[in-house]
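Below are a few remarks on one chain and its contact with a neighbour. They are meant to be read beside the model.

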Amino acid sequence: MGVIHPDIASQMVDLCAALLLLTCFAIVAQRRLSACVDLFALQSVFLAVTAALVAFLTGIHHIYIAALLTVIIKVIVIPRILKKVIERLNVTRELVLNVNIPPSLLICGALVILAFYITQPIISLGFLLTKDSLAIALAIVLIGFFTMIARKKAVTQVVGFMVMENGLFLGATAAAYGMPLIVELGVFFDVLVAGLIIGIFTHRLQDTFDSVDTSKLTELKE
Amino acid sequence: MGLALIVLIAAPLVAGLLSLGTRTRRSMEWLQCAHAAVLLAMMSMVVMDVAEGSVITVGILLRADALSAFMDLMLAFVGATGLLYALGYMGEEVTRGHVLHRRYKRFFCLFNLYLFAMLLAANVDNIALMWIAIEGSTLSAALLIGFEKTKAALEAGWKYIILSFVGIALALFGTVLTYYASEHVLGVSMEALRWEELYRVASDLNPTALKLAFVFVLIGYGTKAGVAPMHTWLPDAHGEAPTPVSAMLSGLMLNLALYAVLRFKSIVDRTVGVDFTGPILLVLGLLSITIAAIFLLVQRDYKRLFAYSSIEHVGIALVGFGVGGPVGIFGGLFHMLNHALAKSTAFYAAGMVLLRRGHKTIERVTGLVRQMPLVGGSMILAALALAGMPPFGLFVSEVLIATEAYGQRPWVAYALLGLLAVAFSTLLYQVSRMALGEPMEEDIPVTDRTRRFTTSALVVNLAAMGYAGTHMPGFLRGLFIPMTRFFGVIVEIP
Amino acid sequence: MIESAVIVLGQAVAALLVSPFIVGLIRKVKARLQCRRGAGVIQPYYDLLKLFRKDVVVSTNTSWIFTATPYILFASTLMASLLVPIFLSKVPLNFAGDVITVVYLLALGTFFLMLAGLDAGSAFGGMGSSREAIVASLTEPAMILSIFAVGLTAGSTNLSTIVHKTALLQDIVTDPPPHLMAFVALFIVTLAETGRVPVDNPATHLELTMIHEAMVLEYSGRYLALVEWASALKLLLFLTLLSNIFAPWGIATEAEPARMALGVLVWLAKVSGLAVVIGVIESMFAKLRLFRVTDLLGVAFILSLLAVVFFYILRV
Amino acid sequence: MIQLFLLIALVGYGLGIFLPLLAHRRPHVQNILAHGAALLGAVGGVVVGAMGLAAEGPYVFSLPSTLPLLRYAIRLDPLSAFFVLVISLVGVAVSVFAVGYVREFYGRHSIGALGALYNAFLLSMTLVVLADDGFFFLVVWEIMSLVSYFLVVTEHEKAEVRYAGFFYLIMTHVGTAFIIVTYLVFYQQAGSFSFEAFRNPSEPLPQGLRSVAFVASLIGFGTKAGIVPLHVWLPYAHPAAPSHVSALMSGVMIKTAIYGMVRVYFDFLGGEFPWWWGFVVLTVGAVSALLGVMYALMEHDLKSLLAYHSVENIGIILMGIGAGMIFQSYGLTQLAALGLLAGLYHTVNHAMFKGLLFLGAGSLLYATHTRNMEEYGGLIRKMPWTAFFFLVGAVSIAALPPSNGFVSEWLTFQSLFLSFQIPDLLVKMMLPIGAAMLALTGVLALACFAKAFGISFLAMPRSAHARNAREVPVAMRVGMAGLAVVCVLLGVAPMVVVPVIDRVTAPLIGVSIADKVLAEGGLALMPMGVGSAAISTPVLGLLLALLVPVAWLMAVVIGGKLRKRFYKTWGCGITLKPRMEYTATGFAQPIKQVFSTIYRPTVKLETELLEESRYFAKRMHFETHIEPVFQKYLYDPVVRSLNAVADRLRVVQAGSLQLYLSYIFVTLLILLLWVR
C-alpha cells in the first residue's frame, strides 16, 4: 500500500473500471455474435485485472482468488460454451435489432449518467481507493440489462446477462472490497451453473426451433 | 435443536442424491415417503422449539427465528404433500410410458434439490448466502420447468431463466449495496452480512444506500415472487411445468421470495422508517391484484388460471405488508400460509384433471363433481378458499388487511375490496364452469397406485386448509407474535 | 250494547232494502231518457225474488269456489256497508274498520268473483276476470288518494270520524278545491268500480263487451240473485260514501230515533239524486273501449293527487 | 334456561349436518336423520326466540376465537329473538314438509349432502341474527350465502340453474363487500368489531361517515334483500333451488337482510338521522314493491312468480321501515315506532305466507313435475288440501281482510297517511304518493294471485301432467297446514302480535306504543287513539264467518230448498276443450298492454298458411317477451366493458421476452429515480 500514492492507485482502479465500461459500449455497438463473445471475454479480463489490483492495493488476499476464478470461468469457460453454441447457428451476425445501434449507444450514455446521478449520494461512503467504481458498476449492470432488451438472439442476451454479472462483480470487489470468500465461491459456482444451464437451453432451442431468435418464442401468451 | 435444523435442511439433499441411485419405482416411493416423514418430524421439532421463544443457531451460518421457522413450516409441510403427490403424478407418467425411469429419477433428484435450496435459503443467517441458495432454487426450478421436453415447456423454461436470472442479479446488486453500507459499521467481514448483526446496527446504516438496496432487492426477489409487472414469466412457467412443480412454485417459491423481501424490509424499516417501503409495496400489490383479476377472466387454460390467482394473492399479501400495522402484518403472513395450502391443493386437483382428461382447456372440462367427486370437490373448495370465502383463512386475512388499510388509507381498502370482488367473480366463473354440469368427455382412468398417493396428498392438504382457516394452534401463535414484533408491532391474538 | 246492535241491524236492513231500488231507479231514468216507459222502479225486487226461486245450473267442471263465491261476495259487501255511516254519523262498528278496510273488503269479493269467473273454464269468464283485474288496479290508487284527501281534513281515515266532524263542521278544515277534486275523482271511481257506463255496460248482452257480466255469466238462480244483490249493494255503498263523506249534512249525529229517521230520509234523497245523475250519464255517454278506460281513470288519479297536494299547499 | 334451548337448537342443526353424511347411500335414513335433526333444532329455535322476547335483559354469550379481532359472540336481544323466532317457525314447517318433498330427489342427488347443507343453511341463518360481533357476523353471513349457493345449484346439470347460482354468488359477494365497508366505518370509531362498541363508539361518527355507512349498508343488505335494481339475481336463484329451500330463501333468508338494516339504522346509527335516509329507503321500497309485483304478473313459472313477489313484499316492508325512519328524523317517535312495527309485522307475515306459497308451489311441482302454470289447471279436485292451503296463502299475500297481510299493509297505510304531521312540505306530499303506489301494488298482487290460483287450480286440466296429478304425501300437507294456521292466527290475533313486536321496537325507538295502539280491550288496532282510524280483524273475521251462513239462510228462506242441476259449461254451442280456456298469458294481457311503457313487450307471430287457400292457417306460432330492462341496461354493460378491458389488456402478456424485460427495466429505473 505504501509503494503507490493513494491518488495514483485510485486513478488506476478507475481506469480499469472505465475500460470495463468501454467494452460495454463496444458490445452494444457490435453486431457479430462471436465478436460480442470475445468482447465479453476481454471485459472479463479487465475485470480480473481490476480485482487483482484491488487485492494488491488493499492487501485483502482472497480477492486474488476471485480474480483467478473470474479468469477461469468468465474468460475461458463461459465464452467457450457460447462459442460452441454460435458454431451450431446458421447466422453469424444479428441484422435485426429491437433498438438499433445508434440509439442504443445514446441510451447507454444516458444510462451511465443516470447511474452516476443515482449513486452520487452514497459515493461518499465508498473507500477513497475505489470512489467511482460503484457508479460504473451500476452503469454496467444497466447497460447489460439494456442489451438484453435491445437484442433478439439468445446468445447476445446471454452476453448481456454476463455483462450484468460483471457489473455486479465489479461492484462487489471494487466498491465493497469483495465479499467474504465463501460468498465469492458460492456466487461463482452459481454463475458457472447458470452458464451451463443456459448453454443446455440454447442447444435445446436450437434443436426445437432451429434458431435462437428469442423473438420467435411468443407461443405462450394471452 | 441445532441438529434438527441441520437434518431438516440436509434431508432433501441426501434424499436427492440417493434417489439417483434407486433401481425401481417402489424403492423411490419408499425413499421419498421416508424423506417426507423426516421433513415433517424435523420441522415439527424446530417449529415447536422456536414457538417456545428460542432462536436456533448453528455456528454463524444457520439461524432459525420465528420467520424462518414459519417458512420451514410451509416448506416442509407443502413439500411433504408435494412429494407424495409427485410420487403419484410422475408414477402415472411412468406407467403411461411418457417418462422413462431414468428421467423419473432425475426429476426427483431435482425436486429434492429444489426443496433443499429453499430450506437453506429460509434458514441461512447471511444475506449473501441466502441469495446463493435462492439462485440455486432458481436453477433447479429452471430445469424442472423445462422437464417435459415440449416446445411450450422449453419456451416457458427459457423465459423463466432469463427473467429470473436478471431479477436475481438485481437482487445480488441490492445485497452488495447492503453490504457496502453495512461494512462501514461492521467492517469488511462476514459479520457485515449476518441478519442478526444487521438488525443490531440497522439504525446506524446509511439510509440512501439502503433505500437503493431495497429497490434492487424488491425488483429482484419480486420477480421471483411474481409481483406485477415482473410477473410475466409466472403463468407460462406454472402452465407448462409438471403439476407437482407448479404446486411448489406457487405454494413455496413465491412465499420464499416474499420472505427475502420481508427480511430486507425489516432492516430498511429499522433504518428509514415504515413510510418508505409501505407505499411501494402497496402500489405494486394493488397492481398485481388488478392484473391478475383481469387476466383470470380471459383464461382458457386452468393451470394458468391458478397461476394468475397466485399473482393476485401475492399482491394481497404485499398490500398487507404495505399498510403494515399489527393487523396488516399479521394478515399478510397469515395470507401467505393459507395461500400456500389452498394453492397447492388447487394445483393437485388441477393435476388430477390433467391426468384424467389429458388437456388443459377450460371449455372442454365440465362436470368434474359428477365424474370425479373428490377432485372436483376439492377443486371447488380450493377455489372458494382462494376467492376468499369463509371458513377458510384467506377470508380472515383479507378482511384483516382491508380493516388495517381502511384505518390508514380508506381508498386502499375500497380499491382492495373492489378488486377482490372482481377476482372472486372471474375465478369462480371459470372454476364453476369446470366443476358443475354434466361431464362432456370420458375420463382416462389412473392406476390405484397413483390414486393412493394423490388422494392422500389432496386430503391432507384439504384438512390442513380447513384447520388453518378456523383455528390457530398454540405453536402458530408462538410464531406469529414474535414475527409481528419483528416488524416493530405486536398483534393481539386472543 | 243492545242499542248499537239494533243500529247495526238497521243499517244492514236499510242497505239491503234500498239497494235494488237504486238499480231500478237508474233503469227507470234511462228508460225515460230513451222515451220508453220502462219497468217500475221496484222491478229489481221481483227479479231477485224470481231468481231466488229458480233452481240453479252448475257447470260440471266447477269446484267449491264457484258455489261459495256468491255467499262470500254477498257477505263481504254487506260487511263493508256495515262500516259506512248511512243515517248515523257514528257507526257502532267504526272500530272494526276504516275506509281502507271498506276498499279491501270489496276487493275480497272481487277476488273471489275473479276466481269464480275462471272456475267454469269458459273463455268469457276468464276474459271478464282479467278485465276486472285491470279496471280494479287502475281505480284503486285513485280511490285511496281521494279518500286520503278527505281523510286529511279530519286527520283520520275513520269514516265515522270524517263524517261526524264534517257534519258538525267542528275541529276540521274544509277547503272547497280539494274537496271538489276528490269528489269528482271518487265519482269516476264509483262508475268504474260498480261497472257502469262508460266503463262497463250492465245492460249489454254481447259477451265480448262485458266485464262484470262476463264474470258471472255462468251463474243462475239464487247464486245469480246473490251476486246481483251484492253488486247493487256495492253501488249503493259507493253512492253513500259520495254523499255522506262530502255532504253529510242532515245525517244523525246522535243515536236518537227521530234524528235517525230524518237521517234515513235525507240519505234516501241524496242517493236517489246521485242515482239519477248516474242514469243521465249512462244515457249520455257510450261505453269506452277497454284501453280508453285508462285515460278516464288517469284523470281520476290526477284529480285525487291534486286534491292531496292542494290540501297541503292551502295548509301552508 | 335459554342456554339449554340455544344448545338444543345448535346441536340439532349440528347433528343434522353430520349424521346424514354417515348413513351413506341409504337416502331414506339420511332424509329422516337430516330433517329430524333440523326439526329438533328449529323447535329449539322457536323456544329460544320466545324466551328471548319474554326475557328482561338481553342474553349474551361469547367464546374467544384464536384469530385476531374475531369473537364468537352471541347476543339475544328482542330484535334477534324476533328474527330467530321467525326463522325457526318457518324452519319447523319446512323441515316437516321436506321429509316428504325430498323423496323427489332419491337416486338423482345425494340426499346426505342436501340434508347437511339444509341444516347448515338453517344454522347459519340463526347465527347471522344472533351474532354480536361484526367479524363473526361477516363469517356466518358469507357461510350462509355459500351454503345457499350450493343448495341453489343442487340440480346443476341444468344450464339455467348453473347460471342462476353463479349470478347469485357474485351478487351476494359484492353485497358482502359493501357490508364490510359499513362495518369498517364503524370499526374506525369503535376500535373493535363488537356490536357493543358499534352502538356507543368512543366519539360519535361524523355525519359524512354515518351517511357512508347508511348507503353502503343499504346496498349491501339490499342486494341480499332483493331491492330494485339489485333484485335481478333473485328471480333466477330462488326458483332454481329445491322448493323447500326456496321457501327458506324467499321466506327467511332475505329477512336476515331486513334484520341487518334494522340493526344498523335503528341500533348502530340510531337517533336523529337526516330526513333523506328514510326518504331513500321509502322510495326504494315503493319502487321495489311496484316493479316486483308488475314483473310477477308477467311470470308463468309459478316459482319465479313467487320470487318476484318476494321483491314486492320486501318493498312493502321497507316502506314501513322507511316511513319509520322519516318520522324518527323529525322526532315523531310514536309514529316512528308505528312505521317500524308495520315493517316488522309484515316481515313475519311475509315469512309465513311466502313460505306457505313456496311449499304449495313445491307440492304442485312434486305432483306435476312442471313449474309452468299453463300446464296446470283443475288441480283443486286432484289436490284439495294443497289447493286450500295455497288459497289461504294467496288471500294473505293479497292482503284481503281479515288476513295477516291485511293487518300489516293497513298499518303501513296508516303510517304513510299520518305523514301529515311532518313539518316538511315536500316530504309529506311525497308520502301519499307512496300510499297510492302501495294501493296499486296491493291490487296488482290481488290480480296476480287470482291468476296464479285460478289458472293453476281451477277449470279443466291443461296438460297430461295436471291430469295425472295426485295429492301430495301427508308430511308435505302437514308442513303447509302448519304455516296456514300461523298465517290465520297472525291475522285474527293482532292483539297478541303487536305487543310482541312492540317489545322489539320499544328499545330501538325508545317508546312503547303497544298499549296506545290496542283499543277496545285489545280487539282493535287504533294507532292514533280514540276517534282515529281503527281495524279489528277478529270482529271482521267473526262477522264474515257469521254473514256467510246468514246469506245462505236468507237464500233458503226466500228461495226454499236449493235445487241444483249439473251441466257442462256453455261454450257458444261447442263443447269446451282445455285449449279454449283463458291462459295465464291471456289473463295478464290487458295489464301488459296498459303498462307497456314499463314492460316494453316484444311480440312475434309466425303464420304458416295452407297451400290451397291463403285464408286458412296451417299453424300459427305466437311468442311474446317482456324486456329485462335492468339486466339489459345496468348489468350487461358492466360485464361487457369488463370483457372489453380484459381483451385490450391481453397485449400486456404478448409473449415477447424483450417486452417483459423492458417492464422490469422501466420499473427499476422509475423506482431508482423516485428513491433518489
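**Notes on chain D and its contact with chain C**

1. The contact between the two chains involves 74 residues of chain D and 68 residues of chain C. This is a predicted model.

2. On the chain D side, the elements that each give two or more residues are helix 14 (379-382), helix 16 (404-417), helix 17 (425-457), helix 22 (537-559), strand 5 (564-567) and helix 23 (584-594). Helix 17 of chain D supplies the largest share, 16 residues.

3. By class, the side of chain D that touches chain C is made up of 55 nonpolar, eleven polar and eight charged residues.

4. Strand pairing also crosses between the chains: strand 1 (residues 56-59) of chain C and strand 5 of chain D run parallel and are joined by four bridges. Within this pairing, C:Ser59 has D:Tyr567 of strand 5 as its bridge partner. Strand 5 of chain D is also among the elements listed in point 2.

5. Chain D as a whole contains 26 helices and seven strands. Its C-alpha trace spans about 100 × 75 × 60 Å along the principal axes.

6. Of the 676 residues in chain D, 61% are buried. Where contacts in chain D join residues at least 6 apart in sequence, 78% of them link residues at least 24 apart.

Conventions:
Residues numbered from 1 in each chain as written. Chains lettered and ligands numbered in written order. Predicted model: local features only at pLDDT ≥ 70, side-chain atom pairs only at ≥ 80, totals over all residues. Contact = placed C-beta atoms within 7 Å. Nonpolar A, V, L, I, M, F, W, Y, C, P; charged D, E, K, R; others polar. Pairing = 2+ DSSP bridges. Buried ≥ 20, exposed ≤ 12 C-beta atoms within 10 Å, placed from the backbone.
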